[in-house]
Amino acid sequence: MECVFCDKKIIDAEKFYEDRYYYAAYNLRAFLPGHSLVIPKRHVENLTELNKGEKEDLVSFLNRTIFIALKFAETEDYDLVLQQGESAGRSVAHLHFHVIPRKETDKANKSKAEWLFEFNKNEVYGRNLTEAEMKSAVEKAEGIAKKYSSELKALS
Ligand SMILES: [Zn+2]
């Protein structure tokens with residue numbers, strides 16, 4: 001199995017929150033601060049392959065990940081992106097949603113119309129976080145999840 005999201009060692013280094021069905025992980029090639037991924041624990045390639053339990057839990061888990069990511073970046077706005085298939089810019093063939101906190105002043109807002117272009121460019125040409133940067137981001141997000149555990153519970 002070549003899938004990076006099925007690689008326990010990789011997921012363990014990048015995840016900051018999880019429940020029965022999903023991981024929330026910090027994106028290795030973060031586009032903006034707080035850029036996180038929602039990844040089903042089970043290997044599926046397409047939204048249509050989610051089972052009943054995964055479907056029922058999805059919006060709740062997205063909301064909880066968004067909550068943490070927004071606290072991380074200290075903002076209220078975000079993009080939620082699913083790239084389905086290679087033509088849509090997907091680089092890992094294991095279903096995942098991008099949660100990208102946004103601010104009026106962020107670099108992607110130079111031109112709002114072109115932010116997705118900038119995002120896709122970053123996925124291809126951007127650099128991976130160093131191990132230390134990833135560790136620090138994961139610890140910060142884990143700290144937020146711990147601090148706001150009752151708010152997160154209310155969202156589930
Ligand atoms: Zn996988």
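Over how many bridges do E4 and E5 pair? Strands E4 and E5 pair in the antiparallel sense over six bridges; two strands count as paired if DSSP finds at least two bridges between them. Strands (E, at least two residues) and helices (H or I, at least four) are DSSP runs, numbered from the N terminus. The structure is a predicted model, in which local features need pLDDT of at least 70 and side-chain atom pairs count only at pLDDT 80 or more, while totals for chains, interfaces and linings use all residues. Residues are numbered from 1 along each chain as its sequence is written, and side-chain values use heavy atoms, with hydrogens and water left out.

The pair E4 and E5 belongs to an open sheet of five strands, with the order E1-E2-E3-E5-E4 and antiparallel pairing. Strand E1 (15-18) and E4 stand at the edges with a single partner strand each, so one side of each has no neighbour in the sheet. On average, neighbouring strands of this sheet are turned by 25° against each other, direction ignored. Axes here are lines fitted to C-alpha atoms, for helices over the stretch in contact, and angles between N-to-C directions run from 0 to 180 degrees.

Within the sheet, E2 and E3 run antiparallel and are joined by five bridges.

Strand E3 is mostly covered, with five of its five residues buried; buried means under 20% relative accessible area, exposed means over 50%, and partly exposed lies in between (1.4 Å probe, protein chains only). Ser-36, Val-38 and Pro-40 point one way from E3, whereas Leu-37 and Ile-39 point the other way. Strand E5 is likewise mostly covered, and six of its six residues are buried. From E5, Phe-97, Val-99 and Pro-101 point one way and His-98, Ile-100 and Arg-102 the other way.

Helices also lie against the sheet. Helix H2 (residues 52-73) lies across E1, strand E2 (22-26), E3, E4 and E5, and runs at about 25° to E2. Helix H3 (residues 115-125) packs on the sheet and touches E4 and E5, its direction making about 120° with that of E5. Contact means heavy atoms within 4.5 Å. Helix H4 (residues 131-147) contains Ala-137, which is buried with a relative accessible area of 7%. Not counting residues up to four places away in sequence, Ala-137 touches Tyr-26 and Phe-72. The C-alpha atoms of Ala-137 and Arg-102 are separated by 17 Å, and these residues are 35 apart along the chain.

The loop between E2 and E3 holds His-35, a buried residue with a relative accessible area of 0%. Its side chain reaches the backbone nitrogen of Phe-31 at 2.9 Å. With residues up to four places away in sequence left out, the contacts of His-35 include Tyr-26, His-98, Val-99, Phe-119 and Glu-123.

A zinc ion is coordinated by Cys-3 (SG), Cys-6 (SG), His-43 (ND1) and His-94 (ND1) at 2.0 to 2.2 Å. Donors are N, O and S atoms within 2.8 Å of the metal (3.2 Å for Na, K and Ca); water is not among the atoms, so sites may look incomplete. Along the chain, the donors of the zinc ion follow the spacing C-x2-C-x36-H-x50-H. Cys-6 lies in the segment before helix H1 (8-14) and His-94 in the loop between strand E4 (77-82) and strand E5 (97-102), so this pair ties together parts that are 88 residues apart in sequence. Cys-6 is partly exposed, with a relative accessible area of 33%, whereas His-94 is buried at 0%. The site of the zinc ion is tetrahedral, with angles of 104 to 117° among its four donor atoms. Four donors count as tetrahedral if all angles lie between 85 and 135 degrees. The ideal angle for four tetrahedral donors at a metal is 109.5 degrees.

Technical notes: Four donors count as tetrahedral if all angles lie between 85 and 135 degrees; four count as square planar and six as octahedral if opposite donors are over 155 degrees apart and all others between 65 and 115; anything else is irregular. A polar contact is a pair of N or O atoms within 3.5 Å; within protein, one must be able to donate a hydrogen and the other to accept it, and residues adjacent in sequence count only if both atoms are side-chain atoms.
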